[in-house]
Every structure is written in C-alpha cells, then in structure tokens.
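Here is a short briefing on one structure. It covers a helix pair, a sheet and a ligand shell.

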Amino acid sequence: MQIGNLKLANPLILAPMAGITNLPFRLLAKEHGCGLVSSEMVSSHGLLHNFKHNNRYLMSHPAEKPLAVQLFGADPDVLAQAAKITAENGADVIDINMGCPVKKVTRSGAGAALMREPHLVARILQRVSSAITIPLSIKIRAGWDNAQINAVEIARIAEDCGVDAITLHGRTRAQGYAGAADWQLIAKLKKLYPVPLSATGM
Ligand SMILES: Cc1cc2nc3c(=O)[nH]c(=O)nc-3n(C[C@H](O)[C@H](O)[C@H](O)COP(=O)(O)O)c2cc1C
C-alpha cells in the first residue's frame, strides 16, 4: 500500500484512538508488525494556540516511523497551520478527523459534523494540502445518520482535492461505535475511486 509517496511495509494501519494510541502503544503496535501507526486525534486549535501544552501529542520516536498524526477542527486556516506545524515536527502523514461522533467535538463543527458540510470539507482539504508537502489522508464515516449516507460524495471531494488516502468507518455518526458497519459501502467506495482506501469498524 502506498499513501502519496509513502510506501508502507504492509497495509495494516493502527486505528487512531483518543487516550490510547500514545507513543508507547504505537511502539508496541509497530513491534507487532503494523505498517502505519496513528496518533490519537489532536486539536488543531490546541496546537496552534497552546503549542507548549499540546506538543506532547506530537512526541515521536524513530522506531515507530512512519507516523500519521490525526488532527481535528473545522476551521480551514487553523487546520492548515496546525498541519504545517505537525509536519515540521516529524509527522509522515496528516490525517483529518471527519468521523468523531462525540458531542463536544461535533458541537464545534469538527469530527463527524464535517460529513454534513461538503463545501467546508473541500475548503479544508484545499487549504491543508497546499500547506504541507507530506501525504494527506482523511477518516470519514458512512454519513451523519441513516437518512444522510454521503461517504461517496465526501470521498469524491477528497479525490478532487488530491487527498492521498481515505479511511472509511462504515457506521454513521448516529450509530456511534455500536451496530454493524456497512461493508458493502466500503466495497462500493473501493470500486468507485482509485485513492487508497482503508476500512475500520466491525
Ligand atoms: C476509545 C476509542 C477512541 C477512539 N478515538 C478515535 C480518534 O481519536 N480518532 C478517530 O478517527 N477514531 C477514533 N476511534 C475510532 C476507531 O479508530 C475505529 O475507527 C472504531 O473503533 C471502529 O472500529 P471497531 O468497530 O473495530 O471498534 C476511537 C475508538 C475508540 C474505541
């Protein structure tokens, strides 16, 4: 599997998990054969406005490389500046979170709330991709809820914006982490677009 110019040793990618995928956890995952490890989601505002407090989220070690750092936010400029800082601090891939279902995150327009804002998604991806030279990926959901399944539309926007990889969590925001993920949707997306696609959610 290749994400932009980054060739992975294998297509097994560690799912980003808040409070869990810190450096020691990632080193363990790497030791056990992970092709790409991911940080937990990091606030773009936090990085930009309080770097001293939040730079611990960017802590890395050569043994875990390559490393994807996941950012969340809803402001294209803030995300672009945070992505630049993150890349300068050694990340190999910038991943934008468009799937977090937690109210605290979606209330600010970030995470899965972005699934309902295709125009904003395009602006975010344009700004972020022009701010960095490392690969850019996104993690999306099937949609907001059963009435708004639009992963195909968001993936097309990502493809148009030159995003290097997509991860699809085949559940809606309304499902949270429960219930079956839609693997038919994952298969559909895989057939539709050439961009490398990873799947998450059982
Ligand atoms: C404790 C926990 C924290 C998570 N944190 C994040 C996160 O920071 N960013 C993200 O994109 N997904 C996050 N997720 C979602 C996972 O990356 C994964 O997509 C999800 O758990 C679906 O897989 P599963 O059905 O095997 O649990 C989290 C999941 C769990 C259980």
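The axes of helix α7 (residues 151-160) and helix α8 (residues 183-192) come within 10 Å and cross at roughly 30°. That crossing makes α7 roughly parallel to α8 (angles under 35 degrees count as such). This is a predicted model: local features need pLDDT of at least 70, side-chain atom pairs count only at pLDDT 80 or more, and totals for chains, interfaces and linings use all residues. Residues are numbered from 1 along each chain as its sequence is written.

**Helix pair**
- A151, V152 and A155 in α7 meet L185, K188, L189 and L192 in α8 (contact: C-beta atoms, placed from the backbone, within 7 Å).
- The residues of this contact divide into 6 nonpolar, no polar and 1 charged.

**Sheet**
- An open sheet of 6 strands runs β3-β4-β5-β6-β7-β8, with parallel pairing (strands pair if DSSP finds at least two bridges between them).
- β3 (37-43) and β8 (197-200) stand at the edges with a single partner strand each, so one side of each has no neighbour in the sheet.
- Strands β5 (residues 93-98) and β6 (residues 136-143) pair in the parallel sense over 5 bridges.
- M98 stands opposite I140 in β6.

**Helices on the sheet**
- Helix α6 (residues 118-131) lies across β5 and β6, at about 165° to β5 (angles run from 0 to 180 degrees between N-to-C directions).
- α7 lies across β5, β6 and β7 (165-172), at about 165° to β6.

**Ligand shell**
- Of the 17 residues around the ligand, A15, M17, A18, M41 and T200 come nearest (near: C-beta atom, placed from the backbone, within 6 Å).
- The shell divides into 9 nonpolar, 6 polar and 2 charged residues (Ala, Val, Leu, Ile, Met, Phe, Trp, Tyr, Cys and Pro count as nonpolar, Asp, Glu, Lys and Arg as charged, the others as polar).

Technical notes: Helices (H or I, at least four residues) and strands (E, at least two) are DSSP runs, numbered from the N terminus. Angles under 35 degrees count as roughly parallel, over 145 as roughly antiparallel, 65 to 115 as roughly perpendicular and the rest as oblique. Two residues are in contact if their C-beta atoms, placed from the backbone, lie within 7 Å.
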